Amino acid sequence: IIFTGWMLYLLAPVLTPFLIAALLAYLGDPLVDRLECYKLSRTLSVIIVFVCMIIIGLALLLVFIPLIERQLVALAGSFPEFINWVQVTVLPKLEKYFNFDASVINLDLLKRTAMENWKNIGSLAGHTLLQLTQSGRAVLLWISYLLLIPVVTFYLLRDWDRLLANIGTLIPRNHVKLVTTLAGECDRVLAEFMRGQLLVMLGQGIIYSIGLWITGLEFALLIGMLAGLVCFVPYLGFIVGVSAAIIAALVQFNDMIHLVYILLVFATGQLIEGMLLSPLLVGERIGLHPVAVIFAVMAGGALFGFFGVLLALPVAAVVVVLLRHLHKQYVESDLYTS
C-alpha cells in the first residue's frame, strides 16, 4: 500500500488523463450495456455513447463556459455597485437596529480599489494566456491530455466488461464470493455519487438557472450552476443559492417581490429534486456521508493535487465499504459478543 501510494504521488500528473478516461468509461458503461440489450454490437454501442459524450463536452465548452465567464466579468464589474448598496441601505439599518459602528469598515477605499482594478481582469486573463502559450511544454502537455482522454475513454469503454472479467479471474477462488460482494457494494456507492448524484447536481443547476433567468436576475446562470454544484451536500446548494440570489436581487431590483420569486424558484427546485430527481437518478441513499465526501475531496487535493480530487471519491467509497464489512465482522465476533 505504501509503495502504491508513493508511485501514485510520483506519477499523478501522468495518470490524470487516464483516471479521467476511466471515470468517463465508468459513467458510460451502463449506457453501452443498455444499448447492447437492443441487439447492437459492443463497438457500435460504444461509438454511439462516445459521440454523445463528445457532443456534451463540446456543448459545455462552447456554450456554458463563455456564458459563465461573461457573468463572472459582469459580477466583478457590479462589485462597486454592491458596495454602494451596502453603504446606502444595509449599514444604516445595522446602525439603527443593532447600534453597529459603520466607521470601522472603510467601504470607500474598498469601492475605489474595486473600480480601479476590475477592468484589469480581461488584460490579466490575456496576459496569463500569453504566458501559457509561450511555454511550449505546457501547451504540448495540455494538447496531449485533450487528445489522450477521448482515445483512452473509447478503448476502456469497448473493453470494460472484458477488463473486469480478467480481473475476476485473478481473485483466489475461495475469496471470490466475498470480493464480489464488496466490489458490488463499492459500485453501488460510486454509482450514487458519480452517476446519480452528478446528474442530480446538473439537473438542479439547470432548474435553478432557468428559474432565476425567468425572474430576470442578471447572474442567473452563475448562481444556478453554483447552487447545483454544491447540492451534493444536503441543503447546502439551497442555502448558498438562496443567499447569493437574494443579495443579487436586492442590488439589482431593490424590491421585495423578486425575493418572493427567488424563494419560489428554489422551493420548486427542492420539490423536483426530492420527488423526481433523487428517486429516479439516485434511488435509495446508501452512499457516503456529506462530511466524508468533503473531507475525501480536500484530503485528496492536498495529497495528490487534481489527480487526488478525481481519486478521492472512488477511494472513499472503497474505504467506507471495507469499514462496514469490518464492523459487521466485529459485531459478529467473539470479542464483541462474549
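Read along the sequence, this protein runs α-α-α-α-α-α-α-α-α-α-α-α-α. That is 13 helices and 0 strands; both are DSSP runs numbered from the N terminus, with helices being H or I of at least four residues and strands E of at least two.

Some housekeeping. The model is predicted, with local features needing pLDDT of at least 70 and side-chain atom pairs counting only at pLDDT 80 or more, while totals for chains, interfaces and linings use all residues. Residues are numbered from 1 along each chain as its sequence is written, and side-chain values use heavy atoms, leaving out hydrogens and water.

Now the whole chain. Of its 338 residues, 30% count as buried, meaning under 20% relative accessible area with a 1.4 Å probe, protein chains only. Among contacts with a separation of 6 or more, 73% join residues 24 or more positions apart; a contact is heavy atoms within 4.5 Å.

Helix 1, residues 2–36, and helix 12, residues 306–331, have axes that come within 8 Å and cross at roughly 60°. The axes are lines fitted to C-alpha atoms over the stretch in contact, and angles run from 0 to 180 degrees between N-to-C directions. That angle makes helix 1 oblique to helix 12, since oblique is what remains after under 35 degrees (roughly parallel), over 145 (roughly antiparallel) and 65 to 115 (roughly perpendicular).

Which residues meet? From helix 1, Leu8, Ala12, Leu15, Thr16, Leu19, Ile20 and Leu23 meet Phe306, Phe307, Leu310, Leu311 and Pro314 in helix 12.

Conventions
Buried means under 20% relative accessible area, exposed over 50%, partly exposed in between (1.4 Å probe, protein chains only).
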